[in-house]
Amino acid sequence: VPEFVTAAVDAVVAHQGAGARADTSSWEADQELRVSKYAAGLAQLDNGVRISPDASTWRCAESGMAENLWLNLSTGHIGSGRRHWDGSGGTNGALTHYEQTGRQYPLVVKLGTITAHTADVYSYAADEDDLVRDPQLAEHLAHWGIEIMKLEKTAKSMAELEVELNASHEFGRITEAGATLTPLAGPGLVG
């Protein structure tokens with residue numbers, strides 16, 4: 001199979017439909033991200049760490065996971081994302097690294113979301129603990145050898161994941177929609 005056919009098929013598979021893009025754009029517009037106060041003057045260690053431009057080589061330092069990876073912008077450590085309540089998700093590698101380094105390096109970026117225009121940046125600092133903006137993100141990534149102009153998005157952003165979760169969530173299970181319920185009262189039946 002010619003290389004251009006494979007590339008075209010990959011692009012079609014990875015393409016996000018107009019409806020999904022509109023939903024994500026609407027969600028992002030509602031989530032006005034503030035600039036992290038830790039972005040200006042961000043400490044970046046000169047520890048010899050270089051991040052490969054080849055996304056297929058990125059791995060969590062603790063677990064070896066290859067998805068949901070977060071790069072600490074100060075230390076160059078790659079860790080997996082947070083474990084979800086149901087046991088899915090990451091292994092808390094990025095958060096554990098933040099805690100083990102004395103909570104002094106709070107900014108992380110989700111590696112698969114980096115494009116020339118945007119990326120998911122999260123601040124673990126207790127006074128932010130949220131997605132934030134880093135106006136110097138290109139410079140902060142360049143310190144680790146990452147050129148944002150050469151990267152393509154390979155993972156869903158936090159906004160895309162949130163829209164997807166809300167679209168697929170079965171709200172009827174919470175309200176027991178469609179079920180015939182028998183009213184009950186008395187000890188052990190309320191609450």
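Predicted model: local features only at pLDDT ≥ 70, side-chain atom pairs only at ≥ 80, totals over all residues.
Me: Where does Asn72 lie, and is the residue buried or exposed?

Reply: Asn72 belongs to strand E1, which covers residues 69–72. A residue counts as buried under 20% relative accessible area. Asn72 has a value of 1%, so Asn72 is buried.

Me: Which residues does Asn72 touch, leaving aside those up to four places away in sequence?

Reply: Asn72 touches His77, His97, Tyr105, Leu107, Val108 and Trp144.

Me: How many bridges join E1 to E3, and which residue in E3 is the bridge partner of Trp70?

Reply: E1 and E3 run antiparallel and are joined by three bridges. The partner of Trp70 in E3 is Lys110.

Me: Which way do the side chains of strand E3 point?

Reply: In a regular strand, side chains alternate between the two faces of the sheet. In strand E3 (residues 107–110), Leu107 and Val109 point one way, while Val108 and Lys110 point the other way. All four of these residues are buried.

Me: What joins E3 to strand E4?

Reply: Three bridges join E3 to E4 (residues 121–123), and these strands run antiparallel. Val108 has Tyr122 as its bridge partner in E4.

Me: How is an aromatic pair described, and how many does a search of the whole structure find?

Reply: The distance between the ring centres and the angle between the planes describe such a pair. Across the whole structure, the search finds two aromatic pairs. Tyr122 belongs to one aromatic cluster with Tyr98 and Tyr124.

Technical notes: Residues numbered from 1 in each chain as written. Heavy atoms only, no water. Helix = DSSP H or I, 4+ residues; strand = E, 2+ residues; numbered from the N terminus. Buried < 20%, exposed > 50% of the residue type's maximum accessible area, 1.4 Å probe, protein only. Contact = heavy atoms within 4.5 Å. Pairing = 2+ DSSP bridges. Phe/Tyr/Trp six-rings, centres within 6.5 Å; stacked < 30°, edge-to-face > 60°.
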